[in-house]
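Have a look at the model first, then read on.

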Amino acid sequence: MQIRLLNPDDAKALAAIRLEALEQEPYAFGASLEEEKKRSLEEWQARLAESNREESGYFGAFDAGEMIGLIGYFRHKGAKVRHKASIVSMYVKKAHRGTGVAGQLMQAALSHLQAFGDIDQVQLAVVTANESAKRFYEKMGFVPYGLEKRALKIGDIYVDEAHMYMMFE
């Protein structure tokens, strides 16, 4: 297995796994499948081309050339909040869950962010109903700091999110 930063050549694979994630886990992401399906390959390529590695990006986990996992990050903008970054779009294909892929993706993203030298806090949000994801994030060192009621609305269903953070020493 290989974990690496994605580039514009990975746009097709990124789009495919992102759509799979939204289809398989619709309550886990802020984006909707319907919205993401409308993106063209060129838009995905542009998203990856415009990624300034220090401002935002994605890591992919690859097995035999297939993207099996994904994690995204972005750095907060503004002089007073540039010490913070957020983890987004975490997803591992069902067949590869429980194999350590998620931990390796998270470690790659955290190491990348820590290497900048001036990011000392990483945040994320997780759907409260996803107990396994919450346990995983806690195992990785994230601690909860808040609960957002009705964070997402999918049709007539509201979903709450737990907000978590990790401090770099």
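Leaving out residues up to four places away in sequence, R75 touches E54, E55, R82, K84, A85, F116, D118 and I119, where contact means heavy atoms within 4.5 Å. This is a predicted model, so local features need pLDDT of at least 70 and side-chain atom pairs count only at pLDDT 80 or more, while totals for chains, interfaces and linings use all residues. Residues are numbered from 1 along each chain as its sequence is written, and side-chain values use heavy atoms, with hydrogens and water left out.

**R75**
- R75 sits in strand β3 (residues 66–75); strands are DSSP E runs of at least two residues, helices are H or I runs of at least four, and both are numbered from the N terminus.
- R75 counts as buried because its relative accessibility is 2%, and buried means under 20% relative accessible area (1.4 Å probe, protein chains only).
- The R75 side chain gets to the backbone oxygen of R82 at 2.9 Å.

**Largest pocket**
- The volume here is about 920 Å³, meaning the space filled by probe spheres set on the grid points, which are joined across faces, edges and corners.
- Of the 37 lining residues, M90, Y91, V126, A133 and Y137 are the closest to the centre of the largest pocket.
- β4 gives the largest share of that lining, 7 residues.

**Second largest pocket**
- The second largest pocket holds about 180 Å³ of space.
- Its lining has 13 residues, with P26, A31, S32, L33 and I154 nearest the centre.
- α1 (11–24), α2 (33–37) and β6 (143–154) each supply at least two residues of this lining.
- A pocket is an open set of points on a 1 Å grid over the protein atoms alone, where a 1.4 Å probe fits, with protein on both sides within 12 Å along at least five of seven lines; lining residues have an atom within 4 Å of a point.

Terms used. Buried < 20%, exposed > 50% of the residue type's maximum accessible area, 1.4 Å probe, protein only. Polar contact = N/O pair within 3.5 Å; in protein donor to acceptor, adjacent residues only side chain to side chain.
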